[in-house]
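This note sets out several points for a student who is reading the structure for the first time. Please keep the sequence and the model open while going through them.

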Amino acid sequence: MGDSTRPLESDGVFVTSQWVGAAVPRREDARTVQGQARYVDDIDMDTAHVAFVRSPHAHARITAIDTRDAEASPGVLAVMTGRDVAAATNPVAPRGITASVTQYVMAVDKVRYAGEPVVAVVAGTQYLAEDAAARVHVDYEPLPPVVEIEEALAEGAPLVFEEAGTNVLLHDAFEHGDVAGAFRGADLVVKETFRMPRFSSTPLEPWAIIAQWDPGTGAFVVWSNDQQPGRTAINVSRTLRVPIDKVRYIIPDSGGGFGIKLAVWPYIVILCLLARRAGKAVRWIQTRSEHLLAGTHTPEALIEAELALARDGRFLAIRVNSKENDGSFVHTAGIYPLIKFAVIVGCYGIRATAFEFSTVVTNKAPTVQNRGVGKPGMTFVLERLVDLAARALDLDPAEIRRRNFVRPEQMPYTTPTGEVYESGDYPECLRRALELAGYDEWCRKRDALREEGRYLGVGIAAGIEPGTSNLGYYYISRGRPDFLGSVEGAMVGADFDGGITVVTGSVDAGQGHATTVAQVVADMLAIRPEQVSMSTHFDSATSPFAPHSGTYANRFNDVELGAVVAATRKLRAKMLRIAAFVLGVHERSLALRAGTIHVEGDPTKAVSFQEIAAYAYKKALLLPEEIEPGLREIAYYQNRAAKVPRREEFNIQLTHANAVHVVVAEVDVATGFVTLPKYVIVHDWGRQLNPGIVKGMVIGSTVHGIGAALYEEFLYSPDGQLLTGTFMDYLKPVALTVPRFDLGEMESPCPTSPLGTKAVGEGGAITSLPAIANAVEDALRPFGVTVTSLPITPEKTLRAIRGARVI
Amino acid sequence: MTPERFEYVAPASLDEATSTLRDLGDEAKVMAGGQSLLSLMKLRLASPRYVVDLGRVPALNYIRDEGDAIAIGALVTYAELKASALLRERCALLPRAASVVGDVQVRNRGTIGGALAHADPAGDLCAAVLALDARLKLVSTRGERWVWAGEFFLGMYASVLEPDEVLAEIRVPAIAGWRCAYLKAARRPSDFALVGVAVRCRIDGRACADLAMAITGVSDRVFRARSVEEALNGRELETALIEETASRSMDGVDVSGDIHASSEYRTHLARVYVSRAIRAVGAISGPPTPSV
Ligand SMILES: Cc1cc2nc3c(=O)[nH]c(=O)nc-3n(C[C@H](O)[C@H](O)[C@H](O)COP(=O)(O)OP(=O)(O)OC[C@H]3O[C@@H](n4cnc5c(N)ncnc54)[C@H](O)[C@@H]3O)c2cc1C
């Protein structure tokens, strides 16, 4: 703690500059790594256990369910079928799609994917529940499944939702700028069809829920690792047909979310029904097998794209047509396209864009917004086109990017679709990345090693990582406003001894929120972070939250901290008022220092936070009438940069970080195996509040991208069976396959976020995909190979080398 | 992730283990490191009524110098094989293969007995013992019998072990000074082999002698690459011969295909790895891109 007393600027955020920006160690780590974190399954409470009977078929009619054996099984408390669910709930409300379809949180009369829950069983132990589930007899009449996008679109294809009359539940097209004119006037058009795989984040802790029902009040308490309690409260209430206040949500420690835990809520509905039916609290801890089979995936996509260029390499227009396989969950179907097209121009000054999309449903597992939500795919497509263009024009991939970047003097820059890039210096970011990587040297090395029969390639990619969703973008297609902007809440107070306490509306899923919040609050109140306590556990009974609340879309650094700052300001103001009263001076002559408030210039005339708290609570009678007792302030905050999204002006996300990745890949051309000997990242993260956390995020998300680029894919058999149902077949990157990362520094503060921060949680997963693909393609140039799909598996690579020419 | 109900039995000696197995019949399953058995049980792909844990039988855990052979108790773990100075000096192939099995946790728990008894068609040690012409001691209340590694594996997860038998000991030849290599192609370092090639030989003057090669991950069981052995023994290892031999090494083999490697790709990969393994024992640095 500095010993200088700094005068309080009346409108400044911080009064010290000690903690914000420092790599303060994460306070969460000690408990987490010692196994002392408390996850849902650690909740020490007597509960019954749930097991699901899941459909073995991808598509089938349920002709009979016989639960008698299961009900007679030892320890069984309740058995519930899809029909029971349908009788007690409303159907799932779709968000993105326009087609009218009916789906419940469990299969009713028909199953739409292998793994869909058909019957739920409650028993005294997990073992007994599983035993009983095995005794449920379900008769199915198999229907022809539709598995891949092409099948679903074919004439006469079987329908996943008969009532829709089609498997395309949403289709729309947008055009901004003179696209046709640009293509007509182009000197060159590069065109390709790309395929993004179906993959996921597979958090270490799968979904977990405990639900308890109080027959006296009809109210539920739910412990879960949900990521977005705001929307969940609404969804569960509407589906379960109970008022919002009848369900209390508690979210203890969560073992990673990455978007995948935005889809926990249908199971919360099921667990609530089971708790009510069984008359006992019920617990369901999803197994890894269930998670891979029936948890949520990122949809795979088939994307046709073309880029129009002038002879000098300038990009004139881009046209994209994307078809996404959203599986079989109507709630999230159609959520991907628009958010993905928000970055259709990437870092470039392209002035004309056209895109069209189809949301396709199939008999595959449900999908949900996952790290980057479509932007990894969009960036893969764009940055691949850029490399293809560079090759066609014989331009260096760095040079063609330089010629097209939005220039720093154009900031803030509005893209044709209406996204506002607030700040940044893209050419400089590239320059730093190339320098850090030793780009020219690697290019020389690549050429020299080729003579020896070794195949190295250097890949560059530039990407935008947006943050804070202006929610409700999907109604641009639906035409009915729903959620808007992004609101978050926080409560900051002093306890009876003057210790500072924070409660947030968002939830932590491993991001280190408490560490960062404590740094911010410490510098606002001139105390040490240790003096700020923040529960990482969310409780809807006490957390100030909004329908938008949750941790997704990189919004914590923006709106959650905005709320924390606003609430801390209120608290600080009140503490100053009390101090001014106690010291008998005007508030303006006060300063904060080391847990006290003192008269500026005279630290001996001071009152401690503890004493201020005593006045606020225990000795409130001594306060003047105009000062309300208590020290606890709530504030809600929203990013005011948000505009109501319209077809002409998307404005889908509200902050925009950017990054350049430079990757060296080596391909063993005898086997197709790829290694990454060099990996450089310069990510313009705006202002860093905690460089340790920021860099960890960038690296972690890049590792996720490496997974999608080289390893991860959910594969299905033609009859709709998941072939990658365990971690032996669904391959995650592991420590030994991840390169060392060299990170550069770049900070262009964001003018529209309260502390100048930008997004860091998704960028690695966005920019790494094309960077790796570009590197592999460069390595295989002598073989004329083009990379159009991910993951780049050894077998696909070898085939390409040996004649197929396409990965 | 919850096995079906089972009874746990922990015999304290090999005798007790074998009589337990005799009494319980084929409703019992032996457990060693549990690295394969428990996964199967948790997925309910295996549901034995009795699990007979060998972990309390100390007499099955040894690595002993027997002159021209090394005797290894069935309970010796991968980690112990890898760390054994005796094996490294006298039979380096085994520690090499053991060191690329799974990850640290698996190597700390998994045993040589379990690895062989499980007869995984992609097991690393299965290839190593086969290339070493190891002998396996199988014990039951009916007595003990010795079988050659070459007779042991019958097919996918199938061996000559009877339900009442315990694999008690593995004997590998002491071959100090011999050349050996275990090369494994896997998507990630902790994965099962898409192809694993175990090879050992002597170099006699300039000629290669007593070359034995076993291949795992490629077919429904590990197998000896007889055509390679015949082509190379007595010959000098040089590039043209190696390439020619490797290119024919998968002829007549029923190569399996799965999502990680189609049969066609795996065939190719196997040829590349056969070539690389021979180069490794021949200390021949070749082009990084063999022409097979
Ligand atoms: C994550 C992971 C990665 C792996 N990667 C690899 C790999 O890369 N390469 C590889 O080769 N293997 C791999 N394995 C499998 C591993 O090698 C297993 O340890 C081995 O197959 C079984 O050894 P165990 O001692 O654990 O046997 P257990 O699992 O206890 O038993 C396996 C089978 O053998 C029987 N059995 C065990 N011991 C005896 C005995 N003494 N006599 C008679 N029957 C017996 C059991 O009844 C059972 O049927 C991996 C396993 C895991 C979990």
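1. A salt bridge is a side-chain nitrogen of Lys or Arg within 4 Å of a carboxyl oxygen of Asp or Glu. Side chains of opposite charge can pair when their charged atoms come close. The model discussed here is predicted, and every value below is computed from it.

2. A:D131 forms a salt bridge with B:R44, and the closest N and O atoms of the two are 2.9 Å apart. Between chain B and chain A the count of salt bridges is three. Eleven residue pairs, both members at pLDDT 80 or more, are in polar contact between chain B and chain A. On the side of chain B that touches chain A, the classes are 16 nonpolar, six polar and seven charged residues.

3. The extent of the contact may be stated in residues and in area. Chain B contributes 29 residues and chain A contributes 33 residues. Together, chain B and chain A bury about 2,500 Å² between them, and 60% of that area is on carbon and sulfur atoms.

4. Which residues come nearest to the ligand? Of the 32 residues around the ligand, these are B:V30, B:G34, B:Y78, B:T111 and B:D124. By class, the shell around the ligand consists of 15 nonpolar, twelve polar and five charged residues.

5. The shell can also be described by elements of chain B. At least two residues of the shell come from each of β2 (28-31), α7 (112-118) and β10 (166-173) of chain B. The element that gives the most to the shell is α7(B), with five residues.

6. Individual atoms of the ligand may then be examined. The side chain of B:K29 has an N or O atom 3.3 Å from an oxygen atom of the ligand. For B:L167, a backbone N or O atom lies 2.9 Å from a nitrogen atom of the ligand. For B:D191, a backbone N or O atom lies 3.3 Å from an oxygen atom of the ligand. The ligand on its own has 960 Å² of accessible area, of which the protein covers 90%.

7. Over all chains, the structure holds 74 salt bridges. One of them joins A:K340 and A:E324, with the closest N and O atoms 2.7 Å apart. This pair links distant parts of the chain, 16 residues apart: A:K340 is in helix α10 (residues 336-341) of chain A, whereas A:E324 is in strand β15 (residues 315-325) of chain A.

8. Two peptide bonds in chain A deserve a check. The bond from A:M411 to A:P412 is cis, with omega near -10°, and A:P412 is placed in the loop between α12 (397-404) and β17 (413-414) of chain A. The bond from A:L790 to A:P791 is cis, with omega near -10°, and A:P791 is found in the loop between α20 (763-779) and α21 (794-804) of chain A.

9. One backbone angle is also noted. What is phi of A:N554 near? Phi of A:N554 is near 50°, a positive value in a residue other than glycine. A:N554 is placed in the loop between β23 (538-539) and α17 (556-583) of chain A.

Note on methods. Residues are numbered from 1 along each chain as its sequence is written. Chains are lettered from A and ligands numbered from 1 in the order in which they are written. This is a predicted model: local features need pLDDT of at least 70, side-chain atom pairs count only at pLDDT 80 or more; totals for chains, interfaces and linings use all residues. Side-chain values use heavy atoms; hydrogens and water are left out. Contact means heavy atoms within 4.5 Å. Buried area is the accessible area (1.4 Å probe) that two parts lose on being put together, summed over both. A polar contact is a pair of N or O atoms within 3.5 Å; within protein, one must be able to donate a hydrogen and the other to accept it, and residues adjacent in sequence count only if both atoms are side-chain atoms. Ala, Val, Leu, Ile, Met, Phe, Trp, Tyr, Cys and Pro count as nonpolar, Asp, Glu, Lys and Arg as charged, and the others, Gly among them, as polar. A residue is near a molecule or strand if one of its heavy atoms lies within 4 Å of it. Accessible areas come from the Shrake-Rupley method with a 1.4 Å probe; for residues, only the protein chains shown count as cover. Helices (H or I, at least four residues) and strands (E, at least two) are DSSP runs, numbered from the N terminus.
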